[in-house]
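Colleague: I have a model open and want to learn how to read it. Could you take me through some features, one at a time?

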Amino acid sequence: MAGAKVTKLQNQLNQHQQLSSVQLRTKSSQNCGERLSQSKSMVLQDSDLPEKPISRHRRNQSQYSVIVGGATAFETQEDFRGEQLNVTKISERGKKQRKNWTLMWSVLKSDQLLFYKDRQQITALKPDGRTDVVQLWGAVIEWITEKSSRKNVFQITTNTGSEYLIQVDNFSTANKWYDAIKRAIDSSTKADFHLRRSNSTENLHRHCSLPGYGSASTNTKPCNLGHRRSINMFSSSKLKHSSSDITDKNGVKNRLRKFISRRPSIKTLQEKGLIKDRVFGCKLSTLCEREGTIVPQFIRMCLDAVDKRGLEVDGIYRVSGNLATIQKLRFIIDQEEQLDLDQHQWDDVHVITGALKMFFRELPEPLFPFTFFQPFVDVIKIKDSKQKVQALKKLIHELPRVNQETMKLLFTHLNRVLEFSKKNLMSTQGMAIVFGPTLMWPELDGGNMAVNMVFQNQVVELVLRESPEIFNPDRK
């Protein structure tokens, strides 16, 4: 009995030892697995690696959207080739240039379109070999037909006002380039927008990391809250800058509007002597009323001077005088200065006749008033000569007195000039050609200008021929 119990105890002890060894091996294997998993967890996987900061400066970006063999792709290198496109530059910063089509090797980058004359220059990527560089940021691309007779033409307009025409005979190739360039324009414009926004935030953080403001390398103290608040206020004020500009512009407009509404009238300025009444460009009736005459004094002075020393001058009224001297004479008259046409500087009679014709041309309403233009034309169309003269005489007597008296004085003088036609070589028809457009024109140039000019000359010629009977009713 005792031997059986000892044997049983030994068996139980052996089983316990075996069980303990199995548990120990299992535990050790589990600990090994845990250590292996822990060692693995200390190695960062690609997904766990922190993203590399993307450079915010374009020059540091190495990825470009390019077209190689006609396909759009992103390349990390600049060794690539493009395709041949017909290119011409029609405008340089808004200044038009002569159209000159050239077959160019073209390369598209993310924000630039490069043109090369030689394909080898594309492989070498020599900056000196580029014929032209089109900046795509802010550019506009569109299909056009009116600027070229070629087919498949589209235009790129840069933000500086330069214009390029690009053409390919194959529509699919042209459309492929058009789409790629448009995508490059859109992406570069969006990238620049995000760049500006990120730069504004980056500048704010950089300002807080300066020495004295809690730099991470020298001082671990946080940025001053009050200072940060002031920077935020400054940034918000910059964002509101555009709205303040609009407000300032509106304020300027309002001030100008008030200034214009409060400015004194011309009559007030004339009474104060700040504005003087001019002779040239003044209405005939107004000028005579101001002078207290029925014929402007300047007209009388000119006609008297021509009667004294110009009746026999070759080409009188037809030959033009020196324009600078005529303008000088006009300035003296407008300033109401004393004028003596017998002075040496007015010896050239053509200056006097030129000033007289200028006076009539600058009248707000011609000597033959606007309302009488069509009636005078109707008189010319009358076939019977006697009826024509009677109708002309009646029409002239219906004119305002100032116009009628001025016309009488002028045409009487012109008839005296024609009496010396053998010496001055001026005929009635030649005088009518000179004074037709000067004394008569329509209020609205809606008709045929050439036809109106013919009527103007015919009316003046008829008045010249019949002036003795028209202006001297007692003449038998």
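Colleague: Let me start with one residue. Is Leu425 buried or exposed?

Modeller: This is a predicted model, so keep that in mind throughout. Leu425 has a relative accessible area of 53%, so it counts as exposed. The cut-off for exposed is over 50%.

Colleague: Where does Leu425 lie?

Modeller: Look in the loop between α14 (421–424) and α15 (428–439). The backbone of Leu425 deserves a glance too. Most residues other than glycine have a negative phi. Leu425 is not glycine, yet its phi is positive, near 60°.

Colleague: Which loop holds Asn152?

Modeller: Asn152 sits between β8 (140–143) and β9 (153–157). Its phi is near 60°, again a positive value in a residue other than glycine. Now check burial. Asn152 has 16% relative accessibility, so it counts as buried. Leu425, by contrast, is exposed.

Colleague: Now the whole chain. How many helices and strands does the protein have?

Modeller: There are 16 helices and 10 strands. The protein has 476 residues, and 35% of them count as buried. Contacts across the sequence can be read as well. Take those with a separation of 6 or more: 60% of them join residues 24 or more positions apart.

Colleague: How do I read a pair of packed helices?

Modeller: Two packed helices are described by the angle between their axes and the distance between the axes. The crossing is left-handed.

Colleague: Which residues of α8 and α10 meet?

Modeller: From α8, the contact includes Phe298, Ile299, Leu303 and Val306. From α10, it includes Ile352, Leu356, Phe359 and Phe360. By class, the contact has 12 nonpolar, 1 polar and 1 charged residues.

Colleague: At what angle do α15 and helix α16 cross?

Modeller: The angle is roughly 125°, and the axes of α15 and α16 (residues 449–471) come within 8 Å. So α15 is oblique to α16. This crossing is right-handed. Residues of α15 in the contact include Met431, Ala432 and Phe435. Among their partners in α16 are Val460, Glu461 and Leu464. The classes here are 7 nonpolar, 5 polar and 2 charged.

Colleague: How far apart are the axes of α10 and α15?

Modeller: They are 8 Å apart, and the two helices pack at an angle of about 35°. Lys357, Phe360 and Arg361 of α10 make the contact with Val434, Phe435, Thr438 and Leu439 of α15. That gives 4 nonpolar, 1 polar and 2 charged residues. Note Phe360: it also belongs to the contact of α10 with α8. Likewise, Phe435 also takes part in the contact of α15 with α16.

Colleague: What should I look for in a core?

Modeller: In soluble globular proteins, nonpolar side chains tend to be buried together. Here the largest nonpolar core has 66 residues. Tyr317, Phe359, Phe368, Phe376 and Phe411 touch the most other members. Follow Phe368. Not counting residues up to four places away in sequence, it touches Phe376, Met407, Phe411, Leu439, Met440, Val459 and Val463. Another core, of 22 residues, lies apart from the largest one and includes Val87, Leu108, Ile156 and Val168.

Note on methods:
Residues are numbered from 1 along each chain as its sequence is written. This is a predicted model: local features need pLDDT of at least 70, side-chain atom pairs count only at pLDDT 80 or more; totals for chains, interfaces and linings use all residues. Side-chain values use heavy atoms; hydrogens and water are left out. A crossing is left-handed if the near helix is turned anticlockwise from the far one by less than a right angle, and right-handed if clockwise. Helices (H or I, at least four residues) and strands (E, at least two) are DSSP runs, numbered from the N terminus. Contact means heavy atoms within 4.5 Å. Ala, Val, Leu, Ile, Met, Phe, Trp, Tyr, Cys and Pro count as nonpolar, Asp, Glu, Lys and Arg as charged, and the others, Gly among them, as polar. A nonpolar core is a set of buried Ala, Val, Leu, Ile, Met, Phe, Trp, Tyr and Cys residues joined through side-chain atoms within 4.5 Å. Buried means under 20% relative accessible area, exposed over 50%, partly exposed in between (1.4 Å probe, protein chains only). Axes are lines fitted to C-alpha atoms, for helices over the stretch in contact, and angles run from 0 to 180 degrees between N-to-C directions. Angles under 35 degrees count as roughly parallel, over 145 as roughly antiparallel, 65 to 115 as roughly perpendicular and the rest as oblique.
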